[in-house]
Amino acid sequence: MSINAFLFDLDGVIVDTAIYHYQAWKRLANELGFDISEEFNEGLKGVSRTDSLDLILAHGGLSLPEEKKTELATQKNEWYLELVSRMTSNDILPGVPAFFAQVRQAGLKTALGSVSKNAPMILARIGMTDAFDAIIDGNKISKGKPDPEVFTKGAEELGVSAAECVVFEDAVAGVEAGKRAGMFVVGIGTPDVLTKADMVALSLEKLTVEEILKQAAA
Ligand code: B16
Ligand code: MG
């Protein structure tokens, strides 16, 4: 089966919003009286807002009522929105525009596979809404990564099978989601962290479509 579609995660692959999620969660943890490290934050990447909060509270040894948790998640999102509200196309990660030009040239379909409810707003801010044939975001799914739903839905909307898809992911949970969806996964980061990815590169800048298609067919 040949590859006909590329499915992209947003945070950490197209734009570096991962740092803003981290800053907002760190601020929240600090207000609650504890801290979260960058290493701990790796486990939050690709994880939904509510699941992230549960992991953070468990890390701080806190158990809070649902009402309070909703309040904290809303507060984190407000801080996050403050941080991303000034984003522009200058925040697109290096190599992304050139890579998308190659993807189009190769006639591949594209989908966004993000569990972020803020994804449509971020795409609009960076001017990349039209770069995708399908957009799956946190408003369209019920299960966050590592559940494969976000990528399975992406393939479905594009009208392709899982075997025709390549996923681009920077998160451990996202790589797992792509593999569970039955797709070839390109990890964006380092091989020591993204151990389950089929191939790994530091950024899209370091990749060519030709090389990926060759590896996926091997
Ligand atoms: P929001 P992705 C994920 O996006 C982020 O990696 C994760 O840190 C965040 O908690 C999640 O979106 C939900 O985001 O609070 O904006 O709905 O990596 O799947 O693009
Ligand atoms: Mg990500």
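The C-alpha centres of domain 1 and domain 2 lie 24 Å apart. In this predicted model, local features need pLDDT of at least 70 and side-chain atom pairs count only at pLDDT 80 or more, while totals for chains, interfaces and linings use all residues. Residues are numbered from 1 along each chain as its sequence is written, chains are lettered from A and ligands numbered from 1 in the order in which they are written, and side-chain values use heavy atoms, without hydrogens and water.

Domain 1 covers 5-16 + 91-217, and domain 2 covers 18-84. These bounds come from an automatic or database domain assignment. The contact between them (heavy atoms within 4.5 Å) takes 14 residues from domain 1 and 14 residues from domain 2.

Ligand 1 lies between the two domains, because both give residues to its shell. A residue is near the ligand if one of its heavy atoms lies within 4 Å. The shell holds 18 residues, and Arg-49, Ser-114, Ser-116, Lys-117 and Asn-118 come nearest.

A backbone N or O atom of Val-47 is 2.7 Å from an oxygen atom of ligand 1. For Val-115, the distance from a backbone N or O atom to a ligand oxygen is 2.9 Å. A polar backbone atom of Lys-117 lies 2.7 Å from an oxygen atom of ligand 1. Taken alone, ligand 1 exposes 470 Å², and the protein buries 98% of that. Accessible areas come from the Shrake-Rupley method with a 1.4 Å probe.

Terms used:
Polar contact = N/O pair within 3.5 Å; in protein donor to acceptor, adjacent residues only side chain to side chain.
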